[in-house]
Amino acid sequence: MKNNQSERKKSSMPLRINKKSFLGVLSLITQELFESISTKLKLKKPKEDEVLINVRLKAERNNPNSVLSIIDNYAYKKTFLMNIGDEKGLLLEKAIKESQANNILELGVYLGYSTIRILKNLDDNSKLTSIESNKKFAEIASENINIAGLSNKHKLIIGKSTEVIPSLKEKYDFIFIDHWKDLYLKDLKILEENDLIKSNAWVFADNVILFNLEDYLDYVRSSPNYKSKFIPAKREYSKSHPDGVEISIFKNEV
Ligand SMILES: C[S@@+](CC[C@H](N)C(=O)[O-])C[C@H]1O[C@@H](n2cnc3c(N)ncnc32)[C@H](O)[C@@H]1O
């Protein structure tokens, strides 16, 4: 229990709120507060455990859409989950297909929701490597991905992205960034410095409006190395709060 609590404390999301999305973030904080009080008072299990129990009980084996819909259903009906969600999740799937990427890197896994959305679109020659710093989340994600029948094209590394990235050996042609927001730019630069981004690779960043990611956006929009575009969308599991994703194609021209 003590371990779980310290894991949860370590995993709390650093807040860099974008003024434009104040209400979106406020609603998240309220739900997180309610969740934290309920679990501390032992009124309920942590939401991540509840999601896994639901997936174990209700998901059809080897059916990725069945696992995704159980997770979405929980987030809409019970409490917020920091997955990319169904609306932006479809943008991610479309980008994976259009890019025809075959070596993909994901930063931030949580319960494996976006991982499943990526993996279900890969052919036999493609693979995904994901990095997640929270051991408990990584274990839950592994089981969700396994139930979805998608473990064979996937490698999950438990560790902090900034420390893991320099040890990676292959170049990537699609990078999905969705971990803590203060690391987006830092880790992108570490990927560049270690020559891990293929020319014409797609870099897909989530939550660029919900949180204050101006440093990241300034960089990809002004660097001659990237051709970048913003796609507006709603925050995960919300019909009104603004958010969006930034897709930046790495040209490596300088
Ligand atoms: C927004 S959630 C990821 C959601 C997931 N991409 C999805 O859409 O289903 C962010 C995750 O990043 C993880 N994380 C935070 N900092 C990290 C780091 N430095 N390295 C790896 N993972 C990290 C957190 O533990 C959390 O599980």
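Of the 22 residues around the ligand in this predicted model, Ile84, Gly108, Tyr113, Ser114 and Ser161 come nearest, where a residue is near a molecule if its C-beta atom, placed from the backbone, lies within 6 Å of it. Helix H6 (113-119), strand E2 (127-132) and helix H8 (161-164) are the elements that give two or more residues to this shell; helices (H or I, at least four residues) and strands (E, at least two) are DSSP runs, numbered from the N terminus. Ten nonpolar, nine polar and three charged residues make up the shell around the ligand, with Ala, Val, Leu, Ile, Met, Phe, Trp, Tyr, Cys and Pro counted as nonpolar, Asp, Glu, Lys and Arg as charged, and the others, Gly among them, as polar.

**How to read the model**
- Residues are numbered from 1 along each chain as its sequence is written.
- Since this is a predicted model, local features need pLDDT of at least 70 and side-chain atom pairs count only at pLDDT 80 or more, while totals for chains, interfaces and linings use all residues.
- The protein averages a pLDDT (the predictor's confidence in each residue, from 0 to 100) of 92, and 92% of the residues score at least 70.
- Over residues 1-13 the pLDDT stays under 50, and for this stretch the model has nine contacts beyond four places in sequence, two residues being in contact if their C-beta atoms, placed from the backbone, lie within 7 Å.
- Where pLDDT is low, the predicted coordinates should not be read in detail.

**Overall fold**
- The protein has ten helices and seven strands.
- Its radius of gyration, taken over C-alpha atoms, is 17 Å, close to the 18 Å that the globule rule (2.2 Å times the number of residues to the power 0.38) gives for 254 residues, so the protein is as compact as a globular protein of that length.
- Along the principal axes, the C-alpha atoms of the protein fill a box of roughly 55 × 45 × 35 Å.
- Among contacts in the protein with a separation of 6 or more, 75% are between residues 24 or more positions apart.

- Of the 254 residues, 39% count as buried, which requires 20 or more other C-beta atoms within 10 Å of a residue's own, whereas 12 or fewer make it exposed and values in between partly exposed, with C-beta atoms placed from the backbone.
- Not counting residues up to four places away in sequence, Ile71 touches Val51, Leu81, Asn83, Leu111 and Tyr113.

- Leu150 lies in the loop between helix H7 (135-147) and strand E3 (154-158) and is buried, with 21 other C-beta atoms within 10 Å.
- Leaving aside neighbours within four places in sequence, Leu150 is in contact with Pro64, Ile116, Leu119, Lys120 and Ile145.
- Pro64, in helix H4 (residues 64-77), counts as buried with 20 C-beta neighbours inside 10 Å.
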